[in-house]
Amino acid sequence: MNRYGDTPLGMVESALEFARIARRNDYHNFLFSMKASNPKVMIEAYRLLVAHLSAQGEDWNYPIHLGVTEAGDGEDGRIKSAIGIGSLLADGIGDTVRVSLTEDAVFEIPVCYALVQPYNDGEPARRETIQPEQQQPVRYDPFSYQRRASERLPISGIDVGGGATVAVFTSREKWDALAHKLDRLGDYKPEVVVEDSGVIAVDPRDDATITALNADPQPRLVTVAEGLALRVIPAFRLLAAKLDARHPILLKDTLEGPATVETADFVQNLLRAATNIGSLLCDGIGDAVLVNGEPAPGQSLRIAYNILQAAGTRIFKTDYVACPSCGRTLFNLQSTTQKIRAATGHLKGVRIAVMGCIVNGPGEMADADFGYVGGAPGKINLYVGKTAVKFNIPEDEAVARLIDLIREHDRWIDAPHEAARSGEEA
Ligand code: SF4
């Protein structure tokens, strides 16, 4: 760690150092875990670990435990977990999993089962495979993030591709269902109707169509066609590998087309969308997203935006890192996280860590801007980045002092209703 720092390579080298000690003592009853709270970092670290283990030799095939640590709670915690754990399971990496939510531990278990179920049921093997002669080397570095360099294309008044913010598409049917309240959707507004976008849907195995697209001098928005029995992630990876990078790509959560209300299971839809779209975003693929698997119009948009936030692709709200709590926790993590969320949820782009103790909390706050950490029973320490700046604040004052700290660092803005109220009072 001293040589490589707090990086995926540092995590891998540190784990290998301990593994070598164990092996020197002929001890082999261990597995590897590379947890991080940022799904991109976590995916890179596990991939790097597996590459290093393979290079060490066949007898380094120790099991791998997957987890996104400090994922937080609610939909955001589930989405972050699915992006990290689901992506790696889809890559064939992982033998055990833990979903770390800032909720009662029993709520973690159904999420774990939902993530592993397709693999335990052999679902990937039932899908059509991409034949070896159709496979292409990936065009990105799987160990570090870089967005695919497409060209910018204006669609329905929104820039898509070319480094523009990843756009959120919806279907005509959902747009019409929301039309009467579009102005009240705030940060969850749909941006483009997919049927009006001119998107070209292709089978990524169809060389003739891809060759014709690559010969087209104009950038075109391209996606994978529905109705193919391919797995979503390999299908889009193949498309990205064969398609000229200048053509932007529209990602979808499913290739099965829009779901019906009768067959809908919200959590399953959320986890599947987070796994498929989140994984591709973390590989730098995707200029627009469409969630088709969740039939409820508003919920499908919320899933889309929350995936973009969790993948670090489009930051439109406050980001929280919260530990799952354990025997060391010095305050009620769940109610405190909710209190902090209620007070700071409007601070776009600010990252706040809520950690139960100073033993592990500061080290696991990752790249949070501010930290709220249990210092002693009933006492809180506040952090700016990784530096503790306020100590032993009584718990009942600590959220207010956190807000003061955010103000002092010019990261505070009034919530919209407060701003409106102060405008009325002025
Ligand atoms: S209380 Fe401390 S050790 Fe326990 S989960 Fe939270 S940060 Fe980790």
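**View 1. Helix H3 bends by about 25° at Ala 82.** The bend is the angle between axes fitted to the seven residues ending at a residue and the seven starting there. Helices here are DSSP runs (H or I, at least four residues), numbered from the N terminus. This is a predicted model, where local features need pLDDT of at least 70, side-chain atom pairs count only at pLDDT 80 or more, and totals for chains, interfaces and linings use all residues. Residues are numbered from 1 along each chain as its sequence is written, and side-chain values use heavy atoms, with hydrogens and water left out. H3 is mostly covered, with 15 of its 17 residues buried (under 20% relative accessible area; exposed is over 50%, partly exposed in between; 1.4 Å probe, protein chains only).

**View 2. Lys 242 and Asp 207 meet in a salt bridge.** Their N-to-O distance is 2.5 Å, and a salt bridge needs a side-chain nitrogen of Lys or Arg within 4 Å of a carboxyl oxygen of Asp or Glu. Lys 242 sits in helix H8 (residues 232–242) and Asp 207 in helix H7 (residues 207–215), so the pair ties together parts 35 residues apart in sequence. Lys 242 is buried at 11% relative accessible area, while Asp 207 is partly exposed at 46%.

Key:
Helices (H or I, at least four residues) and strands (E, at least two) are DSSP runs, numbered from the N terminus.
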